[in-house]
Amino acid sequence: MKWVRTNTNDPESFIAAYINKEERLAPFFDYEMSQTAEHQRLKELEPLNFDRETLGAILSDCNENLGRGGETAEQIRRFKQTDSAVVIGGQQSGLLGGPMYTAHKMISIVIEASRLEQTHGIPVIPIFWIAGEDHDIDEVNHTYFTDGVSTKKIRVPERNAEKTPVSERSFSKDEALEALLSAVKFLPETNVTAELLKALKGDIAEASTYTEWFARWMDKLFPDSPILFIDAHDERLREFERPYFQEMIRKNAEIRSGFLAKGEALNNSGWGEPITLDPDNAHIFIHVDGERHLLKFTDGYFLNEQTGRYWTEHELIEAAEERPLKLSNNVVTRPVMQDLVFPVLTFIGGPGEVKYWAVLKEVFHAFNHAMPIVKPRLQFTFIPRRAEKTLGRYGLSPGHVIRNGVEEEKQRITQDSETVNEAELFADTRLKLDNTADWLNEQLPDEHMFINASEKFSYRLRKALAEFEKEIKAGREQQNSHHLNRLNGLACWLIPDGVPQERRLNAVPLVNLYGWDVFERIQNELLSHQNTIEPGDHIFVYL
């Protein structure tokens, strides 16, 4: 395994401007990415009270329930130290981990926590926040495999209209197993396949919800990782969060106005709306009969539009006393909740997350907290041996393929095999046939019978030429099929379905080819070079 650092961010993008510390973004964040900022953030955390003992017990129970092993006990012991801090990031509990960027985010969190601990000499704990309260099943019930030739969508059928949090949502084990067997049959058989299938079957048998299934699979990818899991829908955590939800109700006007102010400022700066600017959005969900509904604030009341139920501020604070707690966060209040619960030194997120954090500064300030340091996660593209050979054969770089695809190279190969420019030849022929048909029409009598016959003749002529051109093109593709197949296979790995690898493909195909430890190997390799890694780097991993 070898790896290369590069940068593939669009220079005009928000994330590029953020990494380059452009002054125009300074008003949207409390800290820049620097060692000075790290010292400042640690100073800010010092006087804040965090109940690390209770949180440690919650983390212990949660990780045990999710089947997490590794360094869990030792990390929780270190977390309980009064000077500990955390690096946090998270994701929904996607099917088999969802796209590979979930694993990449975990690697990024671990590397940043290790670097900060080495730099500042305090325990810095990596924490992965599983968004178990999320109810959008369409975002978690499917994933994509590749066999190096094509991609296959793997999906567990679900009742999409339900709004049940995924940490409460059970799945059909029979349908999950059927989808899994179909997916594994799609992959090439290797010396890992049988063991992989057995492990995946075991996870289905043991897990009762999507979140448990997700956590068990991620634990297999990172069995020795120091990272701790926390399920946002864990009952003990929700109980711990109760006073913070009540505070969010009291300060809801400040949350809404602060969010809108920064959202409008970001939009006016030309960066668009990363989160829809709805002035009535209360940014809190309420759970009714097992379903999750977003609260609105209108005419002085908190309103559940789905049921028509409404509450005054006082009534909703009283409702927050009910057990189990029936409230959860949305994308605006979740980051603040993480900061109220944990001593967050740094948040790690993808390019889209970093952008939407730009509208949250005043929301944090409503709770007398500064935003933590925000850092973009590492991006990865894994390059199998066959793909690496194809890159070399055609003189392509992975960055070029990711930016431009392989169509230009395929066209070049096809054109190089032509003795004449076939596209121009057929275009010229079409023009000549049209001119000939027009001339012929002019010579015939101007009678309906002849006009009708002439139009049919012209149509058949054009159709025959189009079919002939199609046959020539198919023959040319057959002649160059070995080249085109190689390039299609390359695209299938690097930009499957025209999408960057990490945003499309699941980890299972890589594990099947290169073993269970493929992600921990690159994590450990990068840990040994952690001081050379820059935020937002794109790592090309040659397998």
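1. Helices α15 and α20. In this predicted model, α15 (residues 385-393) packs against α20 (residues 481-494) at about 125°, with the axes 9 Å apart. Axes are lines fitted to C-alpha atoms, for helices over the stretch in contact, and angles run from 0 to 180 degrees between N-to-C directions. The two helices are therefore oblique to each other (under 35 degrees is roughly parallel, over 145 roughly antiparallel, 65 to 115 roughly perpendicular, the rest oblique). Their crossing is left-handed, meaning that the near helix is turned anticlockwise from the far one by less than a right angle.

2. Their contact. Ala387, Thr390, Leu391 and Arg393 of α15 meet Arg486, Leu487, Leu490 and Leu494 of α20 (contact: heavy atoms within 4.5 Å). The contact residues divide into 5 nonpolar, 1 polar and 2 charged. Ala, Val, Leu, Ile, Met, Phe, Trp, Tyr, Cys and Pro count as nonpolar, Asp, Glu, Lys and Arg as charged, and the others, Gly among them, as polar.

3. Basis. The model is predicted: local features need pLDDT of at least 70, side-chain atom pairs count only at pLDDT 80 or more, and totals for chains, interfaces and linings use all residues. Residues are numbered from 1 along each chain as its sequence is written, and side-chain values use heavy atoms, with hydrogens and water left out. Helices (H or I, at least four residues) and strands (E, at least two) are DSSP runs, numbered from the N terminus.

4. Three strands form an open, mixed sheet in the order β1-β15-β14; strands pair if DSSP finds at least two bridges between them. The edge strands are β1 (2-6) and β14 (379-383). Neighbouring strands are turned by 20° on average, direction ignored. β14 and β15 (residues 538-542) run parallel, joined by 5 bridges. Thr381 has Phe540 as its bridge partner in β15. α15 touches β1, β14 and β15, and its direction makes about 90° with that of β14.

5. Strand β6. Which way do Leu228 and Ile230 point, and which way Phe229 and Asp231? Leu228 and Ile230 point one way from β6 (residues 228-231), Phe229 and Asp231 the other, and all are buried (under 20% relative accessible area, 1.4 Å probe, protein chains only; exposed is over 50%, partly exposed in between). β6 pairs with β3 (residues 124-130) in the parallel sense over 4 bridges.

6. The antiparallel sheet. Its 5 strands run in the order β10-β9-β8-β7-β11, and the sheet is open. Twist averages 35° from one strand to the next. α10 (residues 252-271) packs on this sheet, touching β7, β8 and β9.
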